[in-house]
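Hi everyone, thanks for coming. Please have a look at the picture I'm putting up, and then we'll walk through it together.

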Amino acid sequence: CPILYYTTNIMMKLAVLAAMAGSAAAFAPVPMAKTSMSLNAFEEEIGALPPVGFWDPAGLSDGISQETFDAYRLAELKHGRVAQLAVLGYIAPETYRFGYDMTPDGLLNTNDIPNGIAAINAIPFLGWVQIVAFVGCVETYGWFTSPTGVLDLPDDILAKRQTAELQHGRLAMLAFLELIRHDSQNLVSPGFDGYDNMITGLPFIYN
């Protein structure tokens, strides 16, 4: 329907703008003369990589304190981690399903849940309870972290791994936006791309 099509396009554009604004604090190009003072304060931070260096086209780092920058960086790191899980959440169900019942009466199995955006309406209330409970436990108890909360690594190795995590998160945020765009367009115009599978960029996962 035309209304749904245009609404989807608008939502996708807003999502792209929001992602750009949310992650802009991590990057910034070679500073111009008028902003060199504020950029110089953070140009040696982890995540500023050649050839663009510290890239901040929105100027979010102008005149901010180190504490504010650290808060921005923490937000970027969390968004990147969530985006990595979200990308895996798109890919994994295309290759494997756990095959357990989501409801006590056994009428709905995980194998019956579609992948992607279509799953939002297909998952029942108890399914969302499971998801929210699991996320809440991870957020509350800090699973999947070092027992001490800090990795015991040499400074140079730790810096490399922190940089790698930031880069992976940035790539995942862009990848997730494209997956959402492709999936949304496929819901509006099924089969628009001429492919039978959702993850068209990784055809080998279906072999």
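Let me start with a question: is E76 buried or exposed? E76 is buried, because its relative accessible area is 3%. For these words, buried means under 20% relative accessible area, exposed means over 50%, and partly exposed is in between, with a 1.4 Å probe and protein chains only.

A quick word on where this comes from. This is a predicted model, where local features need pLDDT of at least 70 and side-chain atom pairs count only at pLDDT 80 or more, while totals for chains, interfaces and linings use all residues. Residues are numbered from 1 along each chain as its sequence is written, and side-chain values use heavy atoms, with hydrogens and water left out.

Back to E76. E76 forms a salt bridge with R73, and their closest N and O atoms are 3.2 Å apart. A salt bridge here is a side-chain nitrogen of Lys or Arg within 4 Å of a carboxyl oxygen of Asp or Glu. By that rule, the count comes to four salt bridges. R73 is buried too, with a relative accessible area of 15%. Both E76 and R73 lie in helix α3, three residues apart, or about one turn of the helix.

Now follow helix α3 along to R81. The side chains of R81 and E165 meet in a salt bridge, 2.6 Å from N to O. R81 lies in helix α3 and E165 in helix α6, so this pair ties together parts that are 84 residues apart in sequence. R81 is partly exposed, at 41% relative accessible area, and E165 is partly exposed as well, at 26%.

So how do these two helices sit against each other? Helix α3 (residues 66-95) and helix α6 (residues 155-188) pack at an angle of about 50°, with their axes 7 Å apart. The axes are lines fitted to C-alpha atoms, for helices over the stretch in contact, and the angles run from 0 to 180 degrees between N-to-C directions. That angle makes α3 oblique to α6: under 35 degrees counts as roughly parallel, over 145 as roughly antiparallel, 65 to 115 as roughly perpendicular, and the rest as oblique.

Look at A172, which lies in helix α6. A172 is buried, with a relative accessible area of 7%. The C-alpha atoms of A172 and A86 are separated by 8.3 Å, although the two residues are 86 apart along the chain.

R181 and E178 are three residues apart in helix α6, so about one helical turn separates them. Salt bridges that share partners also join R73, E76 and R170 into one network.

Last stop, the surface. I120, W128, I131, F134 and V135 make a nonpolar patch of about 460 Å². Patches are made of residues with over 30% relative accessible area and no salt bridge, joining like charges within 9 Å and nonpolar side chains (Val, Leu, Ile, Met, Phe, Trp, Tyr) within 5 Å. Accessible areas come from the Shrake-Rupley method with a 1.4 Å probe, and for residues only the protein chains shown count as cover. Helix α5 (residues 125-141) gives the largest share of the patch, four residues. F134 lies in helix α5 and counts as partly exposed, at 45% relative accessibility.
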